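Dear colleague,

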Amino acid sequence: MSGFGIYLVFFLIIALNYGIMVLGLNLQWGYTGLFNAGVVGFYAIGAYGTAILAGPDRAALIGGFGLPFPLAILGGMILCALAAIVVGLATLKLREEYLAIATFGIAITIQLVALNFESLTGGANGLVGLPRPFIDAFESTTSYNLFFLAVVACVTGLVYVALEAAVRSPWGRLLNAVREDEVAARSLGKNIALIRLQAFVLGCTLIGLSGGIYVAFIGFVSPLDFLPILTFQIWAMLIVGGSGNNAGALLGAIVVWALWTMSGLAISRFSPVGFQNQAGAIQTMLIGLLIVSMLIFRPRGLIGERATVSSHKERGAP
Amino acid sequence: MQTAQTPETGKTGRLEIRDARKAFGSVRAVDGVSFTAEAGRITGLVGPNGAGKTTLFNAIAGEASLDSGTVTLDGTQIGGLSPHEVFSSGLTRTFQIPRPFARMTVLENLLVVPERQAGERFWNNWIGRGRVSRQEAELREKAHDVIAFCNLSAVAMQPAGSISGGQQKLVELARALMADPAIVLLDEPGAGVNPALLDTIIERIVELNRRGMTFLIIEHNMDLITSLCDSLVVMAAGRKIAEGKPREVIARDDVVEAYLGGAAA
């Protein structure tokens with residue numbers, strides 16, 4: 001396989017895995033109107049949860065249960081769901097901006113815990129040397145990455161199909177009603193708090209799944225992987241792709257990650273040698289520019305929201 | 001269309017408010033108001049801006065709590081319940097400024113309403129898909145009946161945010177009907193509505209009332225309120241100042257003074 005092909009496989013693994021995270025955020029924001037600005041915090045819980053459950057036993061560290069990765073990832077997702085229930089119960093009564101501030105703060109707290117709770121997370125060193133799932137069955141890194149890409153594509157596809165069924169059902173209709181007007185939905189007998197909590201927890205669980213897959217692929221976890229910029233990248237993906245549309249969420253993940261990596265390559269190639277670190281900030285500025293540009297010129301994103309939410313309705317509608 | 005009766009609950013819609021009080025700081029928004037919206041009748045609630053009508057409406061519907069007093073529906077206390085509990089007890093409301101689910105179609109706006117839908121439970125959309133589909137078909141049929149009844153068929157598949165304000169008022173009425181309520185609280189159904197649509201709204205209210213549905217209506221349009229209502233309650237500065245037959249009530253000097261400022265006399 002050519003160098004470009006090898007890189008393309010690596011690129012797609014990361015982009016599709018981010019796509020799962022964007023799908024989770026889309027369920028929260030695109031369909032329910034929940035402004036989760038703490039995406040990276042739940043990604044970290046999924047990642048550390050998986051790493052602790054799958055990692056080898058280490059004398060100085062808590063955990064290291066050596067579970068198979070599918071089980072460890074499931075455990076990470078459950079941890080994420082539990083954390084989301086606690087966070088959701090504490091914050092979901094807040095209005096949009098306040099919910100964003102609260103979840104942003106919680107994500108920072110989670111990252112700081114990851115950095116400082118050394119006996120559990122390995123502190124600044126992180127957790128390294130995690131076993132790569134099924135790697136012994138492959139002769140080369142390239143073939144292993146192809147296998148991993150197939151797995152990630154299948155998982156992403158399953159998540160997409162399941163979410164499409166969910167959001168185009170009466171349950172999805174409830175989410176949309178809450179997003180559109182909570183007061184009206186409440187006056188029509190809907191339990192707003194429960195609906196918001198369901199969407200928040202399910203979205204965070206998917207974000208946790210993405211964190212677990214990331215750890216399985218990379219083989220280590222470090223607090224530097226969970227900086228706030230990732231939350232903004234995921235938001236950019238959703239805004240660019242099209243909030244309220246699952247296909248848009250996946251498209252946004254691929255497009256924005258492509259722009260991010262290409263801009264990184266361009267900066268490393270064309271910026272002066274002594275200016276490389278500062279030039280890295282240009283990438284962050286580009287993300288901000290992209291979000292603002294989309295909001296001004298194409299607020300619906302590349303693929304906007306579709307008009308209907310019920311698959312049942314479409315089949316038999318007159 | 002089975003919208004005017006409530007066979008499921010067997011409720012008549014008799015709404016009784018006793019000594020309702022609500023203060024915001026030193027302002028007594030609702031100050032010892034008592035009246036009854038009799039079952040099967042249309043009761044009007046009028047008064048100048050700031051009289052406390054909408055505050056009372058919000059308290060009845062569970063959006064706000066009363067400081068004291070009772071609200072009963074067919075003898076059952078509903079004061080202090082949350083909005084969705086009040087809705088479940090058979091009372092539905094509309095809003096002064098329409099609150100449609102703007103990006104959802106008119107049809108979807110109606111489909112949201114019925115309670116205990118199998119598909120509202122997350123897992124049922126996988127493990128009970130057949131039941132969900134059957135129920136959706138039934139609800140869709142009912143929604144189309146209600147939409148036709150409210151003259152909204154032409155806009156059924158349009159986003160509710162894109163139709164006129166008057167049509168949005170009709171969507172709110174239609175949403176209320178999807179619940180088969182015992183009583184409907186309408187907050188200024190005629191405000192900002194063109195005369196043709198207003199006629200439609202009035203016709204529908206009269207027809208629903210003829211079938212037995214109870215209404216409590218806030219309205220400023222005195223012609224509308226006197227022609228529509230069986231009885232009228234007048235509020236001013238948080239207090240009830242008059243109650244009785246509409247034409248008799250609005251002729252009273254104290255009502256003219258409080259509500260019309262004497263200018264219309």
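In which helix of chain B does B:Lys169 lie? B:Lys169 lies in helix H6 (residues 165–178) of chain B; helices (H or I, at least four residues) and strands (E, at least two) are DSSP runs, numbered from the N terminus.

This is a predicted model, in which local features need pLDDT of at least 70 and side-chain atom pairs count only at pLDDT 80 or more, while totals for chains, interfaces and linings use all residues. Residues are numbered from 1 along each chain as its sequence is written, chains are lettered from A and ligands numbered from 1 in the order in which they are written, and side-chain values use heavy atoms, with hydrogens and water left out.

B:Lys169 is buried yet has no salt bridge. Buried means under 20% relative accessible area, exposed over 50%, and partly exposed in between (1.4 Å probe, protein chains only); a salt bridge is a side-chain nitrogen of Lys or Arg within 4 Å of a carboxyl oxygen of Asp or Glu. The nearest side chain of opposite charge, B:Glu188, is 6.1 Å away, but the side chain of B:Lys169 reaches the backbone oxygen of B:Glu188 at 2.5 Å.

Over all chains, the count comes to 23 salt bridges. One of them pairs A:Arg173 with B:Glu136, with the closest N and O atoms 2.8 Å apart. This pair crosses between chains, from helix H7 (residues 170–180) of chain A to helix H5 (residues 129–149) of chain B. Both A:Arg173 and B:Glu136 are buried.

Yours sincerely

How values were computed:
Lys and Arg count as positive and Asp and Glu as negative; His and the chain ends are not counted. A polar contact is a pair of N or O atoms within 3.5 Å; within protein, one must be able to donate a hydrogen and the other to accept it, and residues adjacent in sequence count only if both atoms are side-chain atoms.
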